[in-house]
Amino acid sequence: MSTGFIWRERFGWHDLGSGAGPLRAGGWIEPGEPHAEHAATKRRIYSLLEESGLLARLTRIEPRPAGEHELTLFHTPRHIARARELSAGAGGSLGLDAWVPPGSYEIAALAAGAAIVAVDAVLDGTVDNCYALVRPPGHHAEADEGKGFCIFNNVVLAALHARRNRGIERVAIVDWDVHHGNGAQAAFYEDPSVLTISLHQDGVFPPGSGTVAETGAGTGTGANVNLPLPPGSGAGAYAEAFDRVVVPALERFQPQLLLVACGFDANGFDPMSRQLLHSRAFAEMTERMLTVAAASADGRLVMTHEGGYHTGTVPFCALAVIERLAGERTEVVDPFLVPLEGMAGQELQPHQRDAIERAVELFD
Ligand SMILES: [Zn+2]
């Protein structure tokens, strides 16, 4: 198995400054602490990959910035121009919790380009699968609006590139970031050629977005699957969700390319969610995706990095995922696994089963 990997130090230079959690400092928020979406979680993934020895066994793929003709596959010229203008000036807001600091247009374009290059590498057979460790994240960005730390929608642009430029007829996007994958939903809501599946904590972000009843429209009806999980969902709830909803939907759809919007903020220590996942659960979810990709897409699987805000746990979760992608094990032992697996509530709870059942009924 050959696994591609993309990271550039430049992704760490996107700087949201100081803040508290998801909010920037100012008003009553005292400055001095880093904003939640800071570079350390991603740099520490890279460090752990290097020190574990796994990095040396991956195929490095060089990203390039997405051109304007590529960004307009999804985004409006107005959105792109606003992002460029804010980035060239003193920075500014591109939407709800979407700040563009000076210089970040180029970094966001590089993140989008990395997702596109990852798709090309897999479709060209340069690698079997690929992990694009990109920043800023993308999955909340909509056509004409930034949102939730996202400027351009990396995974949506990757899917549209595959569809329009590479002749791939059916693309599936599985988004397991703990927040709703609203950008892909908006992009493909009436499009039966892209199956979008989002597992997220019910009712967190964006506000009011991602209910189970949002199933697509027109010819896209049934090709948008939302699985809003109650807070407190752990490995048992996610395994049930994959068994009952995610894998059956993918098996019905038979994607020719599988994309995963890979956030690690459903981790049990993440400050931005109330879920309980750990590195073993992320590894098992990856295994399921590899199996689906092998069965219908010649193994073609691309993951793009999204959220994940606990500097301690995120690197171990990412290592576990990339180990599975590469079919390799390192000697690293995740020190957070034992405390997280031991937490009460990891097994499927009745109210979680009910939430999953609602999705099963809609799509059966
Ligand atoms: Zn998230």
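Two strands pair if DSSP finds at least two bridges between them. I wrote that down before anything else, with a reminder that this is a predicted model.

**Entry 1: strand S8 and its neighbours**

I started with S8, residues 171–175. Which strands does S8 run parallel to? One is S11, residues 257–262, joined to S8 by five bridges. That clears the cut-off of at least two bridges, so I noted S8 and S11 as a pair.

I then followed the chain from S8 to S9. Helix H6, residues 182–188, belongs with these two strands in a β-α-β unit, and I noted its hand as right-handed.

**Entry 2: buried or exposed in S8?**

I checked the strand for accessibility. Five of its five residues are buried, so S8 is largely enclosed by the rest of the structure. I also sorted the side chains by direction: Val-171, Ile-173 and Asp-175 point one way, while Ala-172 and Val-174 point the other way. Both sets are buried.

**Entry 3: salt bridges**

Side chains of opposite charge can pair when their charged atoms come close. How many salt bridges are there? I have 17 in my notes, and I looked up a few of them.

Arg-329 and Glu-323 form one, with their closest N and O atoms 3.4 Å apart. I counted Arg-329 as exposed because its relative accessible area is 60%, and the cut-off for exposed is over 50%. Glu-323 sits at 7%, so I put it down as buried.

Glu-37 and Lys-42 form another, and there the closest N and O atoms are 2.8 Å apart. Both of these residues are buried.

Arg-244 and Glu-240 make a salt bridge too, its closest N and O atoms lying 3.4 Å apart. Where do these two sit? I found both in helix H7, residues 235–253. They are four residues apart there, which means about one helical turn separates them. Arg-244 is partly exposed, at 31% relative accessible area, whereas Glu-240 is buried, at 14%.

**Left for the next page**

Methods:
Residues numbered from 1 in each chain as written. Predicted model: local features only at pLDDT ≥ 70, side-chain atom pairs only at ≥ 80, totals over all residues. Heavy atoms only, no water. Salt bridge = Lys/Arg side-chain N within 4 Å of Asp/Glu carboxyl O. Buried < 20%, exposed > 50% of the residue type's maximum accessible area, 1.4 Å probe, protein only. Right-handed = clockwise from strand over helix to strand, strands pointing away.
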